[in-house]
Amino acid sequence: RSRKFLTSSEPHASLTFAPSEAGTPPARRGSPKIFARFRIACPLLLALLLVLQREAVAMPVKHIVLFKFKADTGDDKISAVKDGLLALRPSLPGILDMSFGATFMHDRAQGFTHALVVDLKDKEALTEYAGNADHQAVIANHIKPNLEAPPLAMDYEF
């Protein structure tokens, strides 16, 4: 004898089970079409949700700038650059972390003497940082007058 479970008005929604021996689960006869469809659709839906979630989540941005300061640029001028850049952090909430320093591996630096690394909340925060009036003032008053060559800058999401 067999019993029907999960009956519905749709024929593919019912399952038929064979009688079982004591202690063993009943064996399923046939494979309902709806479950076969879910076996294929569920992984595809999960993959789609992961892709959409990744696009919806803003990724942090790392902003790196390498500077070639002139050989006659004194420590006081380098300190003014550092202080001016690091002073931006409290006024721009999109800045997560910020550091500025001199290289100690001059043979590999290809003439670059200092680096700025800024971690920002997202691309929008980078745009806000780049256009900030105080940032532009540090560039115009402290950085550009002391550079030997244009800085090298790059940005990436992480």
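The model is predicted, so local features need pLDDT of at least 70 and side-chain atom pairs count only at pLDDT 80 or more, while totals for chains, interfaces and linings use all residues. Residues are numbered from 1 along each chain as its sequence is written, and side-chain values use heavy atoms, leaving out hydrogens and water.

**Overall fold**

- The protein has 4 helices and 7 strands; these are DSSP runs, with helices (H or I) of at least four residues and strands (E) of at least two, numbered from the N terminus.
- Along the sequence they follow the pattern β-β-β-α-β-α-β-β-α-α-β.
- Of the 158 residues, 26% are buried, meaning under 20% relative accessible area with a 1.4 Å probe and protein chains only.
- Among contacts (heavy atoms within 4.5 Å) with a separation of 6 or more, 61% join residues 24 or more positions apart.

**Helices H3 and H4**

- The axes of H3 (residues 123-131) and H4 (residues 133-143) come within 5 Å and cross at roughly 55°; each axis is a line fitted to C-alpha atoms over the stretch in contact, and angles run from 0 to 180 degrees between N-to-C directions.
- H3 and H4 are therefore oblique to each other, a word for angles that are not under 35 degrees (roughly parallel), over 145 (roughly antiparallel) or 65 to 115 (roughly perpendicular).
- Tyr129, Ala130 and Gly131 of H3 meet Ala133, His135 and Gln136 of H4.

**The cavity**

- A search of the whole structure finds 1 cavity of 30 Å³ or more; on a 1 Å grid over the protein atoms alone, a cavity is a set of points where a 1.4 Å probe fits but cannot get out, and lining residues have an atom within 4 Å of a point.

**The pockets**

- The largest pocket holds about 240 Å³ of space; a pocket is an open set with protein on both sides within 12 Å along at least five of seven lines.
- Its lining includes Leu66, Phe104, Arg108 and His114, and strands S5 (95-102) and S6 (114-120) each give two or more residues.
- About 150 Å³ lies in the second largest pocket, where Val65, Phe67, Ile139, Ile143 and Pro151 are nearest the centre among 13 lining residues.

Definitions and conventions: Grid points are joined across faces, edges and corners, and a volume is the space filled by probe spheres set on the points. Buried means under 20% relative accessible area, exposed over 50%, partly exposed in between (1.4 Å probe, protein chains only).
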